[in-house]
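Here is a short report for a first look at a protein model. Please keep the sequence and the 3D view open while reading.

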Amino acid sequence: MFELAQELAVAKSRQDVPAAMKLFRRDMVLEAPAFGTTARGPDENEKALLGFFASFPDYGIELQGHADNGDALVCWGTARMTMTGDRFGVVPDGRRAELPVFIQFAFKDGLIAGERFFFDLSTLCAQSGVSTDAVRRTVFGGAVDPEALPHGQRQPGFLDAPHPHPPSSTSRIEPIRGEET
């Protein structure tokens, strides 16, 4: 599994769309939650990759670690890229961004069946000299507030989950053993 992910990372770092496509099942699903995009099947995946590389022509990724359970693979690493053009409704400053990424893969029949590519959009925007709010308005059609996104586009976060032990007015923080109060 990791070998396929590494091969895909090399192909994408070269912006070699045909090489990347050979690693995908025909029903491959590629998701980039930061951009609110999902591509299904060969035509949509090819279009998504070509669009991404047009916006980030020097994209490169270095996978630095991985874990798997035999069915799924998770990789993490660093992506480096320069935002170009006006696809996101902004004019970037030309600086190359470097950001941590997390990628979840699914496999079937010896090929990649799914990829979810996670990164922090705000970090990318800050390092590219553009407004995160302006990019979000372009990408999500004007909805900056995640609560305002249409069902299915909103990505749940840790703040959405109820806290298992919500604080109350009678809560007391206990010192760690050996720590003086």
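## Terms and basis

Contact means that heavy atoms lie within 4.5 Å. The model is predicted: local features need pLDDT of at least 70, side-chain atom pairs count only at pLDDT 80 or more, and totals for chains, interfaces and linings use all residues. Residues are numbered from 1 along each chain as its sequence is written, and side-chain values use heavy atoms, leaving out hydrogens and water.

## Glutamate 115

Glutamate 115 sits in strand S6. Helices (H or I, at least four residues) and strands (E, at least two) are DSSP runs, numbered from the N terminus. Glutamate 115 is buried, with a relative accessible area of 2%. Buried means under 20%, exposed over 50%, and partly exposed in between, using a 1.4 Å probe and protein chains only.

Beyond its neighbours within four places in sequence, glutamate 115 is in contact with Leu8, Lys12, Met28, Val29, Leu30, Glu31, Ile103, Gln104 and Phe105. The side chains of glutamate 115 and lysine 12 are joined by a polar contact of 2.8 Å. Such a contact is a pair of N or O atoms within 3.5 Å; within protein, one must be able to donate a hydrogen and the other to accept it, and residues adjacent in sequence count only if both atoms are side-chain atoms.

## The cavity

The structure holds 1 cavity of 30 Å³ or more. On a 1 Å grid over the protein atoms alone, a cavity is a set of points where a 1.4 Å probe fits but cannot get out; a pocket is an open set with protein on both sides within 12 Å along at least five of seven lines; lining residues have an atom within 4 Å of a point. Grid points are joined across faces, edges and corners, and a volume is the space filled by probe spheres set on the points.

The largest cavity has about 60 Å³ of space. Its lining includes Lys12, Phe105 and Glu115. Helix H1 (2-13) gives the most to this lining, with 4 residues. By class, the lining of the largest cavity has 9 nonpolar, no polar and 2 charged residues. Here Ala, Val, Leu, Ile, Met, Phe, Trp, Tyr, Cys and Pro count as nonpolar, Asp, Glu, Lys and Arg as charged, and the others, Gly among them, as polar.

## The nonpolar core

The largest nonpolar core has 45 residues. Among those with the most contacts inside it are Phe35, Phe105 and Ile112. Strand S5 (residues 96-108) gives the most to this core, with 6 residues. A nonpolar core is a set of buried Ala, Val, Leu, Ile, Met, Phe, Trp, Tyr and Cys residues joined through side-chain atoms within 4.5 Å.

Leucine 73 lies in strand S4 (residues 72-82). Leucine 73 is buried, at a relative accessible area of 0%. The C-alpha atoms of leucine 73 and phenylalanine 105 are separated by 5.1 Å, though the two are 32 residues apart along the chain.

## The second largest pocket

About 370 Å³ of space lies in the second largest pocket. The pocket is lined by 20 residues, with Leu30, Ala32, Thr37, Ala48 and Phe52 nearest its centre. H3 gives the most to this lining, with 7 residues.

Glutamine 15 has a positive phi near 55 degrees. Glutamine 15 is partly exposed, with a relative accessible area of 26%. Aspartate 109 has a positive phi of about 55 degrees. Aspartate 109 lies in the loop between S5 and S6 and is exposed, at 62%.
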